[in-house]
Amino acid sequence: MTLSLACYGQQQPEERNILLPKNQKQRNPWDGFTYGGGIGGSIGTNQWGISLSPRLGYKLSEELELAFSVNYYFQQNQQSRYHSVSLGPSLNYYIARNFYAKASYQHYFITQKIRRSELSYRTEEDALLLGGGYMQALGSNSYLRIGFSYNVLYDKDKSIFSSGLVPEIGFVIGL
């Protein structure tokens, strides 16, 4: 008894072999990430303040981005010193790279210390911000964002904020 096995094969040219490192797409691990934020300051009669708000995001698609931000605000005057830290995720939808719509959740940690006394005030507050705005291109993938959001959880009787309306100015790089 004789058993024969015939194998036929076709050699694939090197330029079509996807297993070769030279034919694999070289992806930057940071492709798809966005970063930005804002910085601000205020000065007035016997008072001053500063704010920092870095953000890191990831493009889920060319129009949709998931981001996380941390915001810090400090203000001091003759009577008191105020600190606020907030953090949370946001979902941004970009329309033709000129406009955006967003939904953002922020949890605030607030501390106020009255000077020349032992009095201090600590509280926490949640915000669900819905809004949008305009984007101005600054370079190939950098934008200035100007817009407004409204805190749908705002309660004028319980909130430490004077309004539910929140103006926004910031930068995004990587879109």
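Ala96 lies in the loop between β4 and β5, and Ala96 has a positive phi of about 55° although it is not a glycine. Ala96 is exposed, with a relative accessible area of 64%, where buried means under 20% relative accessible area, exposed over 50%, and partly exposed in between, computed with a 1.4 Å probe on protein chains only. A second residue of this kind is Asn46, which has a positive phi of about 60° and is likewise not a glycine; Asn46 lies in the loop between β1 and β2 and is partly exposed, with a relative accessible area of 48%.

Before I go on, please keep in mind that this is a predicted model, in which local features need pLDDT of at least 70 and side-chain atom pairs count only at pLDDT 80 or more, while totals for chains, interfaces and linings use all residues. Residues are numbered from 1 along each chain as its sequence is written, and side-chain values use heavy atoms, with hydrogens and water left out.

Now to the chain as a whole. How many helices and strands are there in the chain? There are 0 helices and 8 strands, where helices (H or I, at least four residues) and strands (E, at least two) are DSSP runs, numbered from the N terminus. Of the 175 residues in the chain, 29% are buried.

Let us see how some of these strands pair, which they do if DSSP finds at least two bridges between them. β7 and β8 pair in the antiparallel sense over 9 bridges, and here the bridge partner of Ile146 is Ile169 in β8. β1 and β8 also run antiparallel, joined by 3 bridges, and Gly37 stands opposite Phe171 in β8.

Next comes the largest pocket, which has a volume of about 1300 Å³. On a 1 Å grid over the protein atoms alone, a cavity is a set of points where a 1.4 Å probe fits but cannot get out, whereas a pocket is an open set with protein on both sides within 12 Å along at least five of seven lines, and lining residues have an atom within 4 Å of a point. Grid points are joined across faces, edges and corners, and a volume is the space filled by probe spheres set on the points. The largest pocket is lined by 46 residues, of which Ser53, Asn71, Tyr108, Val166 and Pro167 lie nearest its centre. Which strand gives the largest share of this lining? That is β8, with 8 residues.

Finally, the rings. A search of the whole structure finds 5 aromatic pairs, meaning rings of Phe, Tyr and Trp (its six-membered ring) with centres within 6.5 Å, where planes under 30 degrees apart count as stacked, over 60 as edge-to-face and the rest as tilted. Why is the pair of Tyr73 and Tyr82 called edge-to-face? Their ring centres are 6.0 Å apart and their planes stand at 65°, so the pair is edge-to-face. Tyr73 is partly exposed at 28% relative accessibility, whereas Tyr82 is buried, at 17% relative accessible area. Phe99 and Tyr134 are also edge-to-face, because their planes are at 65°, with ring centres 5.8 Å apart. This pair links distant parts of the chain, with Phe99 in strand β5 and Tyr134 in strand β6, 35 residues apart. Phe99 is partly exposed at 44% relative accessible area, and Tyr134, at 35%, also counts as partly exposed.
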